[in-house]
Amino acid sequence: MLTVFYSVGSKPLAIWETHTKDGYVTRFLDQDIKSMVLEIGGTNVSTTYITCPKGNQVLGITMPFLVMIVKNLKKYFSFEVTILDETLTRRRFRVSNFQSNTQILPLCTVMPIGLSDGWNQIQFNLGEFTRRAYKKQFVEVQKLKINANIRLRRIYFTERLIPDDELPPEYKLYFPLATKGAKGKKTAPEPVAGKENIKPSSSQHTQITAQPETKTVSKTSVHSIKKAQSIEKAVAGGAEENADKKVAEENKDVVETQENEENQDNKEAEEKQENEDNQENEEKVQEEPSGEEKQDVTSHDEETAKGEEEKQQVEE
């Protein structure tokens, strides 16, 4: 194992070069692990960063596994590794938590990363990614660049991934145990590797291309499940009953509306028929002559007949 950064010590950035435009690089005591850490922060991810080594030098590290112990600040974060392949071509792997897709370009590969809350351990297999992306053999790491926003504990390279139980104590992350809880309650200390009042970190190993998903599993009794199911059924039954009532009320309103329309139509038809009958009666009354007119017509007919008889007698 070869460490290129460790936050504890007098000069943790001895071989690093800092760039802080609209940002900061500072070291302080982290409250979770009660130890010194380095924080890189800024409003612009690309203008606040640290690089290793300084100037135009190269690292020349042939170990293919990069391991970083970092704390998620729930902000944009990225880092970049420059490697040399078997064709002596420099290629860069840029990893960020704001990238959604992997993009493979001739000289640069951009990849997403998902970080869990709190402290994380990032494991990056440079040899495998060089073969996957460019079908070339990994030779060495030349430069390392860490951008804002992140909190760093340690960065190191290894020949292979080392299990937690085989890691040296100084490479593990420890959280202090609370010696006293609430009033009248005490928590028992957990001894680890001969140290008192400390316990190993529960930080998760983060894969570069995978988005970690946290699932919470709760224990529920069978009685509680049945009770919940019965409640769901009752709620569903009540919802169905309310829906049926609503449909019935809507149907009733429709029927009443239709009946009202039919009654209105019948009423209008009756009024129309009555008006027509009244109009016919009025016309008949107007056409029939009165009693005096009938008498005048009769007298006129009698006189006409009498005149014709007299005329006939004279002719004879």
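In this predicted model, Lys71 is a buried residue, with a relative accessible area of 12%. Lys71 forms a salt bridge with Asp32, and the closest N and O atoms of the two are 2.6 Å apart. This pair ties together distant parts of the chain, since Lys71 belongs to strand E6 while Asp32 sits in the loop between E3 and E4, 39 residues apart. Asp32 is partly exposed, at 35% relative accessibility.

A second salt bridge may be followed from Glu80 to Arg94, where the closest N and O atoms are 3.1 Å apart. Glu80 counts as buried because its relative accessible area is 11%, under the cut-off of 20%. Arg94, by contrast, is partly exposed, with a value of 32%.

A further salt bridge joins Arg160 and Glu166, with the closest N and O atoms 3.5 Å apart. Arg160 is partly exposed at 47% relative accessibility, and Glu166 is partly exposed at 48%. Salt bridges with shared partners also connect Asp30, Asp32, Glu39, Lys71 and Arg151 into one network. The count for the protein comes to nine salt bridges.

Strand E7 (residues 78–85) also contains Asp85. Asp85 is buried, with a relative accessible area of 0%. Beyond its neighbours within four places in sequence, Asp85 is in contact with Arg91, Thr130, Lys136, Gln137 and Val139. One of these residues, Gln137, is 52 residues away from Asp85 in sequence, yet the two C-alpha atoms are 5.6 Å apart in space.

The setting for these details is a protein with three helices and 16 strands. Of its 316 residues, 31% count as buried. Among contacts with a separation of 6 or more, 70% are made by residues 24 or more positions apart. The accessible surface of the protein is about 21400 Å², and carbon and sulfur atoms account for 48% of that surface.

The peptide bond from Cys52 to Pro53 is cis, with omega near 0°, and Pro53 is placed in the loop between strand E5 (48–52) and strand E6 (65–72). Another cis peptide bond joins Ala148 and Asn149, with omega about 5°. Asn149 has its place in the loop between strand E12 (138–147) and strand E13 (150–158).

Positive phi values occur at two lysines. Lys34 is not a glycine, yet its phi is positive, at about 55°. Lys34 lies in the loop between strand E3 (23–30) and strand E4 (35–42), and is partly exposed, with a relative accessible area of 47%. Lys74, likewise a residue other than glycine, has a positive phi near 60°. Lys74 is found in the loop between E6 and E7 and counts as exposed because its relative accessibility is 63%, over the cut-off of 50%.

Glu268, Glu270, Glu271, Glu274, Glu276, Asp277 and Glu280 form a negative surface patch. Glu276, one of these residues, lies in helix H2 (residues 222–287). Glu276 is partly exposed, with a relative accessible area of 36%.

How values were computed:
Residues are numbered from 1 along each chain as its sequence is written. This is a predicted model: local features need pLDDT of at least 70, side-chain atom pairs count only at pLDDT 80 or more; totals for chains, interfaces and linings use all residues. Side-chain values use heavy atoms; hydrogens and water are left out. Patches are made of residues with over 30% relative accessible area and no salt bridge: like charges are joined within 9 Å, nonpolar side chains (Val, Leu, Ile, Met, Phe, Trp, Tyr) within 5 Å. Accessible areas come from the Shrake-Rupley method with a 1.4 Å probe; for residues, only the protein chains shown count as cover. A salt bridge is a side-chain nitrogen of Lys or Arg within 4 Å of a carboxyl oxygen of Asp or Glu. Lys and Arg count as positive and Asp and Glu as negative; His and the chain ends are not counted. The place of a charge is taken as NZ of Lys, CZ of Arg, CG of Asp or CD of Glu. Helices (H or I, at least four residues) and strands (E, at least two) are DSSP runs, numbered from the N terminus. Buried means under 20% relative accessible area, exposed over 50%, partly exposed in between (1.4 Å probe, protein chains only). Contact means heavy atoms within 4.5 Å.
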